[in-house]
Amino acid sequence: MITIGVTGGIAAYKTIDVASTLKKLGHDIQIVMTKNATNFVSPLSFASIVKHPVISDMFLDDKNGEILHIELAKKSDLLLIAPATANFIGKLRAGIADDFLSTLVLACKKPIIIAPAMNSNMYSNTIVTENIAYLKSKGFIFIEPDVGLLACGDVGIGKLPSPETIVRLVVNTINSRKIKQDLIGKTYLITAGPTIEALDPMRYISNYSTGKMGYALSEMAQKRGANVILISGPTNLIAPAGVTKIDVKSAMDMYHAVLKYFDQSDVVIKSAAVADFRPKHFSDQKIKKGDDTFILELVKNPDILKTLGDTKKRQILVGFAAESTDLIANAQTKLKSKNLDLIVANNITNDGAGFGLTTNIVTIIDKNGNIDQIPKMSKDDLANIILDKTIAMSID
Ligand code: PMT
C-alpha cells in the first residue's frame, strides 16, 4: 500500500492525478489529509478515485481496536507527502506530532518522499532550507520543486513537480527497495559533466564529457538510500529523481558549489571533467576576427579535488583520472598528490571507455595500494562497484 499525505496548499489538486495514476498502475492507495488540505480539495474527490475513505481525523473510532496511525505506518510500503507545506516540513523537523499525518510520519519506518510546494521566497528562506537539509540527513527523500509561475503570481522555484515526475520517483523508490539500502543516512556529493570556460558572450572552451558517468553514480547512490547532491556542468541529461541538483557552468562555479556542500558530505565523487584552464580575459563583446592568428591567454583554475584533499577531515574522497597514456602511474600520482581514498582511472582512448558512452573500462586504485581492473561494463554497473568501494573505505 502507498499512503499519500496531502497538506494545505493550492497544489493539492495535482495530487489527485498522482493518486489516480498510481491506482491505475495497480497500487492500493490510502489518502491522509490535514484539516487545512480539506479546504483546498474535497476528500470525496480523492475517496472516489482510490476507493477508500480519506483519513483526516486523529480520533477515529477503529472497529478493530487498532491504533490507526501505527497500523497504517506498518501497512504502508511508502509514504508520499504532496504537496508538503513549509509549516508541515517545520513540524516534521521539530518532531511535532499533533494530527493524524504528523503522527503517521513519526511512526513510519518505510521510505518517506516529501514534495514541497510553496512561494519561492518561502522555499528559499534559510529556515526552510535548513529544515529540508536536516530531514534529508535523516533519510527523508525530497523531490525538488519546479520553477515557474506560482499561484501567488510570482515566478520562481516552488511549484509542485508534474504528477508524472512524482509518480516516477514513487515507483522507482518502491522498486529500489529490492536493491540493497546500504547508503541510508549518508550524503554523497557527486560532480558530473564538463565545465565551460567563457571567452565572450557566444564562445567557450570545454571538453566532451556528457555527464553520463556522474549521473549514473547519482542515480545508483540515490536508489541505495543516499542523500545525493549532484553538482553538474551543462549536460542534456535529466537529473535522477530524488537527487538535489546544483547547476554550474565554469570550474570556478563548480569550485564554489563543491566547497559549499563539502562539510555536510560523507563521500565526494568527482567524475566531472573540470577545465584545468580558463581564458585570462572575458570579453563582454563578441571578439572580432582580425588577423589570421589569434593568441588566447589562459590561467589555471583551482584544482577542486586537491583543495578537498588538503582540507578533508572525515570524508571519503574519490577522484577520476582521464588518461591517454601511462594510466596506472598517472592515476597513482593523482591519488597521492590530491590525498584521495580512491581513484577511478579510465583510458579515454580505449574503445568502450571514457566520454559520451554508456559503458566504461576502468582501473580502480585505493590508497592502500590495491589495484582492481574492471572489465568493460555499463556506467550503471560500474557506479555500483564504485559505491561498494566507498563503503569498504569507510569501514577501513
Ligand atoms: O561524462 P561522461 O561523458 O560519462 O564521461 C566520463 C568521464 C570520462 C568524464 C569520466 O569517466 C572521467 O574520467 N572524469 C574525470 C575527468 C578529468 O577531469 O580527469 P583529470 O584526470 O583531468 O582530473 C583528475 C580529477 O581531478 C578528476 O576527478 C577531476 O574531477 C578533478 N579535477 C580536475 C581539475 C580541476 N581543476 N579540479 C578537479 O577537481
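Reply: Start with Pro302. One of its backbone N or O atoms lies 3.0 Å from a nitrogen atom of the ligand. Phe320 also uses a backbone N or O atom, 2.9 Å from an oxygen atom of the ligand. Lys334 uses its side chain: an N or O atom there is 2.5 Å from a ligand oxygen. These are polar contacts (pairs of N or O atoms within 3.5 Å). The protein covers 95% of the 770 Å² of accessible area that the ligand has on its own (Shrake-Rupley method, 1.4 Å probe).

A note on the source. This is a predicted model, where local features need pLDDT of at least 70 and side-chain atom pairs count only at pLDDT 80 or more, while totals for chains, interfaces and linings use all residues. Residues are numbered from 1 along each chain as its sequence is written, and side-chain values use heavy atoms, without hydrogens and water.

Now the shell. It has 27 residues around the ligand, each with a heavy atom within 4 Å. Ser209, Thr210, Lys270, Lys334 and Asn346 come nearest. By class, 11 are nonpolar, nine polar and seven charged. Here Asp, Glu, Lys and Arg count as charged; Ala, Val, Leu, Ile, Met, Phe, Trp, Tyr, Cys and Pro as nonpolar; the others, Gly among them, as polar.

Which elements supply them? Helix H10 (212-223), helix H12 (304-311) and strand E16 (316-323) each give at least two residues. E16 has the largest share, four residues. Helices (H or I, at least four residues) and strands (E, at least two) are DSSP runs, numbered from the N terminus. The protein chain has 14 helices and 19 strands.

Key. Polar contact = N/O pair within 3.5 Å; in protein donor to acceptor, adjacent residues only side chain to side chain.
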